[in-house]
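Here is my note on the model shown below. Please read the points with the structure open.

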Amino acid sequence: MARTFDLAPDEKIDWLRTLPFWLVHLLPLAAIWTGVHWSAWIVMVVLYYARVFFITGGYHRYFSHRSYQMGRGMQFFMALGGTTSFQRGVLWWAAHHRHHHKYSDQPEDVHSPKRGFMWSHMQWFLSSKHFDVQWDLIPDFKDNPELKWLNKHEFIPGTALATIVFFMGYLITGTWMGAAGYMIIGFFLSTILLWHGTFTVNSLAHVFGSRRFATRDTSRNNWLIAILTGGEGWHNNHHHYQAAARQGFYWWEVDMTYYILKGFEKVGLVRNLRQPPERILNKHLIKHGTTDLGMFHAQWERASKALSTMQFKTAEQKKALEELLAQTRTKIDEIARMSSEKAEELLTKNEPEPAA
Ligand SMILES: [Zn+2]
Ligand SMILES: [Zn+2]
């Protein structure tokens with residue numbers, strides 16, 4: 001079968017460095033020998049959703065997007081909670097995520113789904129190309145000493161939490177085997193599920209679901225992913241307007257992270273949760289006929305790839321076809337851009353003049 005994309009040497013999985021990631025996936029199997037106390041399953045669910053909140057509300061909506069404000073102590077607490085999920089350091093995470101939004105679904109995108117499911121799901125961060133923090137993308141936090149410390153010592157909070165769960169298991173079950181089972185299910189299984197829950201936003205939320213807004217990427221709104229990730233499944237909403245602290249824009253779009261943040265705001269732990277303005281909610285709606293360039297590009301590239309794997313008699317023929325495809329795409333882009341500019345212009349013309 002033809003490959004859908006080629007990997008540069010630094011994009012291949014660094015097996016040695018990512019060995020712990022793979023080994024952790026095998027850990028829950030050890031429960032066969034340790035046994036599992038029923039209450040360990042409760043710990044698993046609690047630790048899953050608690051850390052979903054820290055990743056979603058902290059790593060994502062605060063550190064990557066600054067969609068609300070909080071004090072320095074609370075900021076550190078949110079980063080600490082997120083770091084217990086072993087998703088690398090907070091500054092590493094936020095910088096890579098900003099990069100994703102800057103280049104969504106373009107060739108530079110760190111985890112474009114156009115490069116296949118495995119790439120966008122996890123291969124991108126398992127390759128040596130993406131091990132380092134992109135400091136230039138995180139100027140607002142890069143001089144904060146406590147966050148830098150936490151980013152560097154990313155393994156400490158998770159290890160500490162796993163140890164706490166282990167001793168909690170010993171107190172409850174009274175045996176060391178029981179404690180081990182507790183840690184395996186309560187801590188590690190919830191960590192693995194949380195990993196894949198988060199990765200799903202990068203992979204499946206760009207493939208399955210509906211699109212409300214014509215964004216330049218392939219992001220979707222997907223209720224199931226929203227439930228599993230504390231509201232991150234409203235990904236098309238999010239790509240349309242990243243600055244909002246909420247991703248479910250309407251009451252029926254369940255967004256647990258936002259509800260918790262709202263509660264935090266009420267008791268003064270966080271402030272200024274940013275909302276999507278009315279004009280944004282009505283902008284670039286597909287149902288109003290806005291050209292969906294994001295999907296057009298994705299389909300066009302798929303068709304181009306299929307054509308370029310055809311058999312040609314000469315290399316010139318192949319090259320000519322590829323050039324034709326590239327030119328056509330540029331032309332269609334131009335037309336789409338012109339038509340949306342024209343529509344924007346008409347809209348602003350028809351808006352009532354603001355009162356002086
Ligand atoms: Zn984002
Ligand atoms: Zn995305």
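1. A term to begin with: a residue is buried if 20 or more other C-beta atoms lie within 10 Å of its own, exposed if 12 or fewer, and partly exposed in between, with C-beta atoms placed from the backbone. Helices (H or I, at least four residues) and strands (E, at least two) are DSSP runs, numbered from the N terminus.

2. This is a predicted model; local features need pLDDT of at least 70, side-chain atom pairs count only at pLDDT 80 or more, and totals for chains, interfaces and linings use all residues. Residues are numbered from 1 along each chain as its sequence is written.

3. The protein chain has 15 helices and 2 strands. Of its 356 residues, 38% count as buried.

4. Helix α8 spans residues 155–173. Its buried residues are Leu161, Val165, Gly169 and Thr173. Seen down the axis of α8, they fall within an arc of 90 degrees (taken from the directions from the helix axis to the C-beta atoms), so they line one face of the helix. The face turned away from that buried side carries exposed Thr159, Ala160, Thr163, Phe167 and Leu171.

5. The buried residues of α8 pack against α3 and α9 (176–202). Contact here requires C-beta atoms, placed from the backbone, within 7 Å. After α8 comes Gly174, with a positive phi near 80 degrees.

6. Helix α3 (residues 38–64) also meets α12 (residues 256–266): their axes, lines fitted to C-alpha atoms over the stretch in contact, come within 9 Å and cross at roughly 80 degrees. Phe53, Thr56, Gly57 and Arg61 of α3 touch Thr257, Ile260 and Leu261 of α12.

Terms used: Chains lettered and ligands numbered in written order. Axes fitted to C-alpha atoms, helices over the stretch in contact; angles between N-to-C directions. Contact = placed C-beta atoms within 7 Å. Expected span 1.5 Å × (residues − 1).
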